[in-house]
Amino acid sequence: RGFRWMKTMIHTIKEINERKDILPNSTLGYQIFDTCFSISKATESALVLLTGQEENRPNFLNSTGAYLAGIVGSGGSSLSVAVSRILGLYYLSQVGYASTCTVLSDKRQFPSYIRTIASDKFQSEAMVKLIQHFGWVWIGTIAADDDYGKYGVKIFKEKLESVNLCIAFSEILPKVYSKEKMQKVVDAVRTSTAKVIVLYTSDIDLSPFVLEMVYHNITDRTWIASEAWITSASIAKPEYFPYFGGSIGFAVPRSDIPGLKEFLYDIHPSRDPNDILTIEFWQTAFNCTWPNSSVPFCTGEEKLEDLKNTYLDVSQLRITNNVRQAVYAMAYAMDRLSRLWCPSILCRDKGARLMFFIQRVKFTTHDGRKIHVDRNGDVTGYYDLLNWQLDDNGDIAFVKVGEYIFTQSKFEFMIRKNSTIFWNTESSKIPHSV
Ligand code: TCR
């Protein structure tokens with residue numbers, strides 16, 4: 001999935017470079033780092049971008065004469081928070097596409113951060129409306145041990161309690177596997193009478209817990225999924241359906257991106273020997289080694305068409321579309337800057353000036369959505385409500401059963417007419433959670 005996001009960023013940059021109406025006199029370039037979902041890797045990458053490796057001060061103009069205009073990313077909130085604390089020192093613009101933690105809205109702490117994904121304030125509120133709609137009273141919560149999980153659950157709890165509903169238990173999933181800590185979470189799930197449980201975590205941190213549910217054969221629970229795992233291919237596997245079927249949760253609305261599919265298929269490790277990420281992808285996808293060392297070798301004749309994997313699946317472009325909009329936000333802000341203030345490339349201190357425009361960026365996307373960044377660098381949260389059902393092929397389908405939208409000056413949660421929700425209960429009826 002991350003590789004697809006990366007390729008989408010490149011695709012968008014290419015598209016903008018070909019357009020005559022945005023940045024007609026400049027060419028966008030990029031440098032990409034793998035954060036490996038680790039805070040230290042992410043901050044290291046930010047420092048490399050800032051210093052141009054050799055110097056220990058921000059280097060907005062590198063040896064090729066290109067300015068470092070801003071940074072897109074990173075994915076996870078804890079990583080973005082760490083990176084943003086450094087970039088903020090230099091007012092260097094940062095545009096996030098997946099980090100949803102509420103603290104990132106605080107412009108005193110994160111002055112140069114904006115995002116094209118809504119803050120979890122919206123999602124937590126939507127979850128509470130969902131719970132009210134189905135009349136559940138006692139809810140369990142499980143959070144990842146990071147800014148995403150902990151802040152997500154914190155806001156959820158506050159909102160839940162403000163409508164007089166109750167938390168049955170609150171557990172934290174360990175980041176580094178610990179038998180005791182995991183056992184504590186499993187016991188809470190097993191012994192609680194609350195059958196509806198909110199799981200605020202990204203899929204990477206969730207996998208070990210899923211295996212525990214399988215191992216202990218814990219069924220008959222209704223999971224309220226957070227957006228980070230509701231459409232995750234690594235969790236939505238048919239063999240987990242007895243445990244996680246019927247999961248329900250909010251997802252970023254999906255989109256189709258013209259030309260992206262062709263672009264994703266148009267990769268080959270032989271094309272650029274320095275493109276280590278494509279080589280790594282190829283080796284993993286085809287289970288071979290490129291170009292030398294032990295068997296089996298990649299032959300280069302492997303066909304992407306033969307693969308069925310997340311990278312090539314363009315049916316669920318959600319965060320992917322946010323990546324695209326993050327690049328566009330940056331390009332539109334640069335376009336304004338270059339037209340209004342800095343027509344010449346010699347305009348000094350471009351980094352900090354760009355921040356002024358990035359914080360006011362406003363544009364319409366290829367599919368007609370309006371992106372409007374507010375004073376906190378935030379956009380509004382619209383979601384699809386998805387429910388995990390089994391399709392005719394025995395795969396898990398993410399069926400859209402409702403929406404969370406802004407109408408008539410307020411947010412509304414709606415279940416689609418004629419939609420059937422699959423509940424993973426013995427009776428197949430709506431669970432009780434008392
Ligand atoms: N916010 C999460 C990271 C995340 C994510 C995702 C990761 C979100 N959505 C989808 C992978 C796939 C939402 C965070 O840490 O803020």
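1. Strand β7. In this predicted model, strand β7 covers residues 222-225. T222 and I224 point one way from the strand, while W223 and A225 point the other way. Which of these residues are buried? All of them: T222, W223, I224 and A225.

2. Neighbours of β7. Strand β6, residues 196-200, pairs with β7 in the parallel sense, and the pairing has four bridges. In that pairing, V196 stands opposite T222 of β7. Between β6 and β7 the chain passes through helix α7, residues 203-215. This β-α-β crossover is right-handed. β7 also pairs with strand β8, residues 248-251, again in the parallel sense, over two bridges. There the bridge partner of A225 is G249, which belongs to β8.

3. Strand β6. How many of the five residues of β6 are buried? Five of the five are, and the strand is mostly covered. Both of its faces are covered: V196, V198 and Y200 lie on one side, I197 and L199 on the other, and all are buried. Besides β7, with which β6 makes four bridges, strand β4 is a partner of β6. β4 takes in residues 138-144, runs parallel to β6 and is joined to β6 by five bridges. I142 is the residue that stands opposite L199 of β6.

4. The ligand shell. Which residues surround the ligand? They are G75, G76, S77, A98, S99, T100, C101, Y148, S202, E227, A228 and I319. By residue class, this shell divides into five nonpolar, six polar and one charged. One of the shell residues, S77, falls within helix α3, which is given as 77-87. Another, I319, falls within helix α12, which is given as 319-340.

5. The cis peptide bond. The bond from G73 to S74 is cis, and its omega is near -5°. S74 is placed in the loop between β1, residues 70-72, and α3, residues 77-87.

6. L317. Where does L317 lie? This residue is in the loop between α11 (276-286) and α12 (319-340). L317 has 22 other C-beta atoms within 10 Å, and it is buried because the cut-off for that class is 20 or more. Leaving out residues up to four places away in sequence, L317 touches R254, S255, D256 and I257. For one of these, I257, the distance to L317 is 7.9 Å from C-alpha to C-alpha, although the two residues are 60 apart in sequence.

7. C36 and F37. Both residues call for a check of the backbone angles. Phi of C36 is near 55°, a positive value in a residue other than glycine. F37 is not a glycine either, and its phi is also positive, at about 60°. C36 lies in the loop between α1 (2-18) and α2 (39-51), and F37 is found in the loop between α1 and α2 too. Is C36 buried or exposed? C36 counts as exposed, because 11 C-beta neighbours lie inside 10 Å and 12 or fewer is the limit for that class. F37 has 18 other C-beta atoms within 10 Å and is partly exposed.

8. The chain as a whole. The protein chain has 13 helices and 13 strands. Its radius of gyration is 22 Å, close to the 22 Å that the globule rule gives for 434 residues, so the chain is as compact as a globular protein of that length. Along the principal axes, the C-alpha trace spans about 70 × 60 × 45 Å. Of the 434 residues, 40% are buried. Among contacts with a separation of 6 or more, 67% are between residues 24 or more positions apart.

Definitions and conventions. Residues numbered from 1 in each chain as written. Predicted model: local features only at pLDDT ≥ 70, side-chain atom pairs only at ≥ 80, totals over all residues. Rg over C-alpha atoms; globule rule 2.2 N^0.38 Å. Contact = placed C-beta atoms within 7 Å. Pairing = 2+ DSSP bridges. Right-handed = clockwise from strand over helix to strand, strands pointing away. Near = placed C-beta within 6 Å. Nonpolar A, V, L, I, M, F, W, Y, C, P; charged D, E, K, R; others polar.
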